[in-house]
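Keep the sequence and the 3D view open as you read.

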Number of protein chains: 2
Amino acid sequence: MPQKVLIFSRFPKALMLRIGERFDLLDAAGKPPNEVFSTDELSGIRAMITAGGTPLGGGMMDMMPKLGAIVCYGTGYDGVDLAAAAGRKIVVGHSPGANAASVADIAVTLMLAVTRRLLPADNYVRSGNWSDAKPSPLMRPQPGNPGRKVGIYGMGEIGRKIAARVAAFECEVAYFSRSRHDVPYQYLPSLEALAEWCSVLMIAVRAGADTHHAVNANILQKLGKDGYVVNIARGSAIDQQALVAALADETIAGAGLDVYEKEPHAPDVLTAFPNVVLTPHVGGHTLDAHTAMQNCVIANLEAYFAGRPLPYAVRNL
Amino acid sequence: MPQKVLIFSRFPKALMLRIGERFDLLDAAGKPPNEVFSTDELSGIRAMITAGGTPLGGGMMDMMPKLGAIVCYGTGYDGVDLAAAAGRKIVVGHSPGANAASVADIAVTLMLAVTRRLLPADNYVRSGNWSDAKPSPLMRPQPGNPGRKVGIYGMGEIGRKIAARVAAFECEVAYFSRSRHDVPYQYLPSLEALAEWCSVLMIAVRAGADTHHAVNANILQKLGKDGYVVNIARGSAIDQQALVAALADETIAGAGLDVYEKEPHAPDVLTAFPNVVLTPHVGGHTLDAHTAMQNCVIANLEAYFAGRPLPYAVRNL
C-alpha cells in the first residue's frame, strides 16, 4: 500500500501527477490541514510536501504527530521553521539546483526585456502607433549589452548560471555574496559596492534574516538612474516600498520582477509602471524544471520511507 | 565648407546629429528628393545616406547627376539597386557588424520572451488574474532552454552572435547557410533539414533573391507544432501569409518578429495572436549600435570625399 503524504501548499494538480503515482496524496491545498482532514487521517501522516516559501511553523507540524519529513518542492525552504523541525526530529529536504537553469533564464529574460523595453515595443506595434508614426519617448534607443556591468547578488547555482548567460551577451560580470567563490568573475566586498559598480543588479540570494530588505533605498540610490534591478529570488530581498518610490521618482531606470513581498501580487502602483516587467513567480516554471524538482521530491520521499537519509537534504539544518 | 550629403530615407533627427556636425545634411525624409529640393540643390550632391531596406533605383540616383557614393546606415543594402549604382560608377557602403550584437540580442530576447510567454505572464500579473487565481492555459509550463535545439539560418556576424548567446543557455545549436563556416556548430545541408531538426528557427540571413520567402509553408510545417520562428533579418525572408496561416492553425507554437514584409506593420490578424512577440524593427536600435553605425557612415563619407576607397564598402558590388 502506498505511503500517505500530505500536500501542504496550494499546487496545480498537474505538478503532483507523477508523485501521486507513487504515494497516496492528501491535498490540503493551502488550507490548515486540520480544517481539511480529520485528526485520525492526520495521525497517519509521516511526510509532507510544501512550497519552500509557504510559512510552516511548529504548530502546523504538531497537527501530524508522526511527521518525520518535510519535503520542499523547489530550491527554497525559507518558509520552514528549521529550528522547530529540528526540535521535533523532522528532516527537511528540497530540490537544490533542479530549477537553476529555468530561474536563471527568467532572470536574463527580465533583464533583456526591461532594458530593451520589450513590452512598450510590442505595444507600439499592436496599437498601431508604429504604423501611425506616433512618436514614443519609450522607443528611444537605450544602452545595449556589450560592456554593460551586471552585478549578481548571490553566487549559488542560479547566480552562476545567470553569470554564464550574461557573459555571453558581452556584459561584464561582478558579484557579491557571503563568501568568495571559485568563479571567473570579479568579487566586490559589499552589496553597496556592487550596486555602485553595476547598471543591472540581479538578486539571486536565498531568503533569510541576512538578506531581508537587503536591497533598500540606499542600494537603489547607488544603482542610480540608469540602473535596473532584477529579482528572481524572493520578494523579501527587496524593500518593495522603497523600490516603488525609486521607480516613481526615477532614482532607477526600471525593474524586472518574478517575486514579490506578498504573492500573488495584486494590481497596485507597482503594476502601473511602464518600465517594469512583471512575471507571476514562474522562474522555475518549465517542464524540465518541474520534472527535475519532482524527481528530487520523489527521491527524498522514497529515501525517507526506506529509512535512508534524504539525498537532497537541507544542509544547514 | 562642409560637403553636402542628402539624407534619403526617413531617420529620427537624433540619429543624424553627429553626422550633421561634419557634413551639410539635406534631409529628404523619405520623400523623392526632387519633391523636396530644387534641381540646382540636387546637382551639387555627391553623396547620400540611406536605410539599406529603402528601395533606391537608378531613376532616383539620376536625380543627382554628381552622385558618387551611397552610404547605407546599417548592415543591410538590399534596397539599393547595386547594378544601377555600378553602371553609374557610384560606390556603395554600409556598416557591417556595427549592430550585430544589438540585433543578436533582440533575437534572443524574442526567443526567450515567446518561449516563456513573457507578455501573457506580465499581463497575468497586471490584470489581477494572478491575485484572483484565475486559471490561464497560457501560463502552463513550457519546455525550457537546456537541450533546446536552436537552428540558425545564416551564419554572418549576427548569426555567430546569436549562436554564442543561445549556447550559453545550454541550447544545442545547428545552422544552415550558403556555405560552411569555421564555427563550432553543426552544419545542416538545407533549410528544410534545419527546420526539421530545430525547435526554434532563427532567421539571420541577408535579404535577396535566394532568401526571398525562404521560410514558407513547407518550412513552417517542418518546424512543427512545438516550434517557434524568430526573424530579425528582413521581412522578405518569411512568407508572411504562410506564417499567419501556420499560427492560426497551430502548425507552429509561436513567433518573435522584429521585421515584416511591409514596414511599419499595421495592426492586423498577425498582431492579434497572443503567442507572438512583435517589435518595431528595433534590432539595431541601441545607443552603442547607433554610435557604431554612425562611425561607419562618417568614415565612409570622409574617405569618399578625400578620394579614398570606402573603408566599409559593400563587397559583392
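A residue is called buried when its relative accessible area is under 20%, exposed when it is over 50%, and partly exposed in between, using a 1.4 Å probe and protein chains only.

Some ground rules come next. This is a predicted model, in which local features need pLDDT of at least 70 and side-chain atom pairs count only at pLDDT 80 or more, while totals for chains, interfaces and linings use all residues. Residues are numbered from 1 along each chain as its sequence is written, chains are lettered from A and ligands numbered from 1 in the order in which they are written, and side-chain values use heavy atoms, with hydrogens and water left out.

**Around Arg165(B)**

Arg165(B) sits in helix H8 (residues 157-168) of chain B. Helices (H or I, at least four residues) and strands (E, at least two) are DSSP runs, numbered from the N terminus. Which residues does Arg165(B) touch, leaving aside residues up to four places away in sequence? From chain A come Ala168(A), Phe169(A) and Glu170(A), and from chain B come Ala101(B), Ala104(B), Asp105(B) and Val108(B). Touching, or contact, means heavy atoms within 4.5 Å.

**Salt bridges**

A salt bridge is a side-chain nitrogen of Lys or Arg within 4 Å of a carboxyl oxygen of Asp or Glu. Searching the whole structure gives 22 salt bridges over all chains. Here are some pairs, with the N to O distance for each.

| Glu302(A) | Arg22(A) | 3.9 Å |

Start with the salt bridge between Glu302(A) and Arg22(A). Glu302(A) belongs to helix H12 (residues 287-305) of chain A, and Arg22(A) to the loop between helix H1 (17-20) and strand E2 (24-27), so this pair ties together parts that are 280 residues apart in sequence. Glu302(A) is partly exposed, at a relative accessible area of 37%, and Arg22(A) is partly exposed too, at 38%.

Asp78(A) is partly exposed at 33% relative accessibility, whereas Arg234(A) is buried at 18%.

Asp122(B) and Arg126(B) both belong to helix H7 (residues 118-126) of chain B, where they are four residues apart, about one turn of the helix. Asp122(B) is buried, with 6% relative accessibility, but Arg126(B) is partly exposed, with 22%.

Salt bridges can also be found in a network: Asp105(A), Lys161(A), Arg165(A) and Glu170(B) are linked in this way.

**Helices that pack**

Two packed helices are described by the angle between their axes and the distance between the axes. Axes are lines fitted to C-alpha atoms, for helices over the stretch in contact, and angles run from 0 to 180 degrees between N-to-C directions. In chain A, the axes of helix H6 (residues 100-115) and helix H8 (residues 157-168) come within 8 Å and cross at roughly 50°. H6(A) and H8(A) are therefore oblique to each other; angles under 35 degrees count as roughly parallel, over 145 as roughly antiparallel, 65 to 115 as roughly perpendicular and the rest as oblique. Residues that meet in this pairing include Asp105(A) and Met111(A) from H6(A), and Lys161(A) and Arg165(A) from H8(A).

H6(A) also packs against helix H6 (residues 100-115) of chain B, with axes that come within 9 Å and cross at roughly 120°. That angle makes H6(A) oblique to H6(B). The contact is made by Thr109(A), Leu112(A) and Ala113(A) on one side and Thr109(B), Leu112(B) and Ala113(B) on the other.

**A buried strand residue**

Finally, find Thr50(B) in strand E3 (residues 47-51) of chain B. Thr50(B) is buried, with a relative accessible area of 0%. Among the residues that Thr50(B) touches, not counting those up to four places away in sequence, are Phe8(B), Leu56(B), Cys72(B) and Val80(B).
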